[in-house]
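Colleague: I would like to learn how to read a few features of this model. Please give the general idea each time, then the case at hand.

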Amino acid sequence: MDHQPKFFENLSGTGKAIGVLTSGGDAQGMNAAVRAVVRMGIYVKAKVYFVYEGYQGMVDGGDNIVEVSWESVSSILQVGGTVIGSARCKSFRTHEGRLQAAYNLVQRGITNLCVIGGDGSLTGANLFREEWSGLLEELAQNGKIDAEAVKKYAYLNIVGMVGSIDNDFCGTDMTIGTDSALHRIIEVVDAIMTTAQSHQRTFVLEVMGRHCGYLALVSALACGADWVFIPEYPPEEGWEDMMCVKLSENRARKKRLNIIIVAEGAIDCHNKPITSEKVKDLVVQRLGFDTRVTILGHVQRGGTPSAFDRILASRMGVEAVLALLEATPATPACVVSLSGNQAVRLPLMECVQMTQEVQKAMDEGRFLEAVRLRGKSFENNLNTYKLLAHKKPDAELPKTNFNVAVLNVGAPAAGMNAAVRAAVRVGITEGHKMFAVIDGFEGFAKGKIKEISWGDVGGWTGQGGSILGTKRTLPAKYLEKIAEQMRTNNINALMVIGGFEAYESCLQLQEARSRFEEFSVPICVLPATISNNVPGTDFSIGADTALNAIVETCDRIKQSASGTKRRVFIIETMGGYCGYLANMGALAAGADAAYIFEEQFDIRELQANVEHLTEKMKTSIQRGLVLRNENCNENYTTDFIYQLYSEEGKGVFDCRKNVLGHMQQGGAPSPFDRNFGTKISAKAMQWISKKLKETYRKGKVFANTEDSVCLLGMRRRNLVFQPVAELKSETDFVHRIPKEQWWLKLRPLMKILAKYKTSYDVSDSGQLEHVAMLPKEAVPAAI
């Protein structure tokens, strides 16, 4: 969309009042959304009010509806749940209750509401909006308000944000809280796996999701569960036998544990509930396995929000305020949401109707329809799970006689192993022989290559680092030896998983094709690096895990200063020349500034930042956070910035510095990285199979066109295969970053939320779309 940038400076909130409330079940990240609404509202000069205890507070009025200031939302970003409270409210369901609520809002001049909650809360808000003018007339007839007020406050605007850990709202890829709930589930599964391994046990885990199987399905994908039960896709008749056969086969393959995941709303094809106890009893009676049940319950709602949820909620909160400012009496109530990596606005009632359609389809036994209505992302998850969980008997597998090699290149990134596992299993399902290369291209040249089977990659999804081993060495040094190994092992295709080096390697292999025809085979690059600096993709495997590590550390560091005098922390992040981690970390941790290479800064800017912080510290704010990318400027080092802040802040605050270092590369992969790695790898393997069929001539594979060396990346809303040769023009090879990076658009967002005056380009801001129009191939930013 190359239209002129449009800035929101001409959108003024002067004279407007916005009420913000959280309703229904709580979800991690709601506070980040509340904070963004308050700060963006104040930024555009609107008045912002908290409505405490959801609709109950709106009906009760009084101290439940309070005007708030900038500082009111300080330090709530990292808090789970909702600080303004949420309550189920019977009275708002009555006409009298809504009449009283309308009166309470008019008294304060509030005609813009931002509602954060599930579909019930949003449906209620829409009804309130439709009744609004009638309610005001009734209040005027009762003598509660005058005719002037009826005219002045004639319309109520509503924007919704979906806060629900179940991810059960149609039209939105990811609801606020879902990613954090997955974090809780995966933490538990990882912990249970170690004990189950010790005792050769079977564990049945029950996760939330009364009407939606998203959490169960994605956590099953993320931990490689043996079996999963979800309401949208009940098992076929006779599933009891099939499941028991599968479990005993796994044990026979020397797998010491079994994990079965059950959504609390799981049903069989006759709509009868399947409970975790029932599954346990079945396993014990039929197989005699030592079996335990763990019901996760409200743990999934608790804890601090993940980096993803904080960024999602902050983006949505700002978008919600923009939507309210632009709303006219004619625009329908909308929800702001994320499609792929883009903010979109959707008519609220269309989403609600579609969500209800899913339930209706399930009630009527139209399960395939229910899966389709849940959206492309859900369907993708289900298909990928089915592909990877169960191995077909050898007799049923096709035989292609193709050999495909997988290798890791560059620095380790969490999620690489999940990608290798998916590649190996999909490759075997497609009929290929799969080979693993140890230690990247260096290992390849030395002949460290072995066949790898379905069982060899069991349990890999949750492992951090790179099990195959990885090196930064590029192939240029060893072209001859690598070509020889490819000839010896008859390798017909390559999958290269890694960061900028992986991309560069494949460029080198493509350029060497004229000298070595062994490289004329399909080659696919999967971006995997914590720096997220690979051209052709918005996200790379491993960046989410690193971001969570940074945010978690920032939270702890900030907390270490509570109760002491005012303090500012200077924190250095990794990323090479790419500022993604520093910038997104700053947004998710609520930092005051982030210094990055992509946005040049000088001493005047540093000075302005220090003054800005000094002013802030004179209010009730006690702590400041400044992030600096390791290569943002060769002279303004972390030490320099630390000394500058220490000197200039004398008497107001003191300073501490932290270099985060390699802890950003380690750790178990986050749910996002496990699933992103798994899904893009499965898709890449299918692409390789297609290319192998296309390029097989006269008994050999010969692929020498540009489009046979591709990088699979996520661009805005879609997963796309792009020839690496075409990406050259988009790359700054000196600094190893793409020339254009989407996340730079979020820079102003961080500045606004940190109280800076800045200009924010809203030309990308969501236009109202319709639910059915969302692109079919959309891949969620959430996976």
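Colleague: How many residues of strand β16 (residues 493-498) are buried?

Modeller: Buried means under 20% relative accessible area, exposed over 50%, and partly exposed in between, with a 1.4 Å probe and protein chains only. Six of the six residues of β16 are buried, so the strand is largely enclosed by the rest of the structure. Ala493, Met495 and Ile497 are buried on one side, and Leu494, Val496 and Gly498 are buried on the other. Strands are DSSP runs of E with at least two residues, helices are runs of H or I with at least four, and both are numbered from the N terminus.

Colleague: What should I know about the source and the numbering?

Modeller: This is a predicted model, in which local features need pLDDT of at least 70 and side-chain atom pairs count only at pLDDT 80 or more, while totals for chains, interfaces and linings use all residues. Residues are numbered from 1 along each chain as its sequence is written, and side-chain values use heavy atoms, with hydrogens and water left out.

Colleague: Which strands pair with β16?

Modeller: Two strands pair if DSSP finds at least two bridges between them. Strand β12 (residues 403-409) pairs with β16 in the parallel sense over six bridges, with Val404 opposite Ala493. Strand β17 (residues 523-527) is also parallel to β16, over five bridges; there, Ile497 has Leu526 as its bridge partner. From β16 the chain passes through helix α17 (residues 500-511) to β17 in a right-handed β-α-β crossover: with the strands pointing away from the viewer, the path from the first strand over the helix to the second runs clockwise.

Colleague: How is a pair of aromatic rings described?

Modeller: The description uses the distance of the centres and the angle of the planes. Rings of Phe, Tyr and Trp (its six-membered ring) pair if their centres lie within 6.5 Å; planes under 30 degrees apart count as stacked, over 60 as edge-to-face and the rest as tilted. The count by this rule is 23 aromatic pairs. Tyr503 and Phe733 have ring centres 6.1 Å apart and planes at 10°, so this pair is stacked. Tyr503 belongs to helix α17, and Phe733 to the loop between β26 (731-732) and β27 (737-738), 230 residues apart.

Colleague: Are these two residues buried or partly exposed?

Modeller: Tyr503 counts as buried at 0% relative accessibility, whereas Phe733, at 33%, counts as partly exposed. In another pair, Phe601 and Tyr636, the centres are 5.8 Å apart and the planes at 35°, so the pair is tilted. Both Phe601 and Tyr636 are buried.
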